[in-house]
Amino acid sequence: MDTIEDKELKQVGLELMFMTPEKCQREEGISAVELSKSLNLPLETVKKKLKILLDKEIIRVYGINPKLWKFDEYKFQKMDEDDEVYRLLCNFDDVDFDRYFSYN
């Protein structure tokens with residue numbers, strides 16, 4: 001797998017990174033189904049990308065049914081800067097920040 005060009009992984013990672021409490025129904029995070037609908041991606045794709053991020057220890061999972069996913073800012077900041085997932089999530093060249101923030 002080449003994560004350098006993994007657009008879905010980047011979408012899932014950035015969505016979790018910029019997830020605010022106002023965007024979640026629950027304080028613990030967002031479910032894979034909600035994330036799938038929000039990103040307009042197939043649920044299985046979202047689950048695979050969540051597994052990659054979980055293996056990198058930059059997201060946490062809460063509960064069993066449904067599992068709720070939340071970004072771990074502390075662990076992300078501690079990541080090796082040479083890690084391909086870290087570089088992918090830090091490359092903002094093609095990111096539309098209007099999706100994550102409202103500038104009122």
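In which helix does Leu 53 lie? Leu 53 lies in helix α3, where helices (H or I, at least four residues) and strands (E, at least two) are DSSP runs numbered from the N terminus. The model is predicted, and local features need pLDDT of at least 70 while side-chain atom pairs count only at pLDDT 80 or more, although totals for chains, interfaces and linings use all residues. Residues are numbered from 1 along each chain as its sequence is written, and side-chain values use heavy atoms, with hydrogens and water left out.

Leu 53 is buried, with a relative accessible area of 0%; buried means under 20% relative accessible area, exposed over 50% and partly exposed in between, for a 1.4 Å probe and protein chains only. Leaving aside neighbours within four places in sequence, Leu 53 is in contact (heavy atoms within 4.5 Å) with Leu 9, Val 12, Gly 13, Leu 16, Ile 58, Ile 59, Val 85 and Leu 89.

**Pockets**

A pocket is an open set of points on a 1 Å grid over the protein atoms alone, where a 1.4 Å probe fits, with protein on both sides within 12 Å along at least five of seven lines; lining residues have an atom within 4 Å of a point. Grid points are joined across faces, edges and corners, and a volume is the space filled by probe spheres set on the points.

| Pocket | Volume | Element giving the most to the lining |
|---|---|---|
| Largest pocket | about 210 Å³ | α1, 4 residues |
| Second largest pocket | about 170 Å³ | β3, 3 residues |

The lining of the largest pocket includes Lys 7, Lys 10, Gln 11 and Leu 14, as well as Asp 94, Asp 96 and Arg 99. Its residues divide into 4 nonpolar, 1 polar and 5 charged, where Ala, Val, Leu, Ile, Met, Phe, Trp, Tyr, Cys and Pro count as nonpolar, Asp, Glu, Lys and Arg as charged, and the others, Gly among them, as polar.

Among the residues that line the second largest pocket are Leu 16, Met 17, Trp 69, Lys 70 and Phe 71, and the lining as a whole divides into 7 nonpolar, 2 polar and 3 charged residues.
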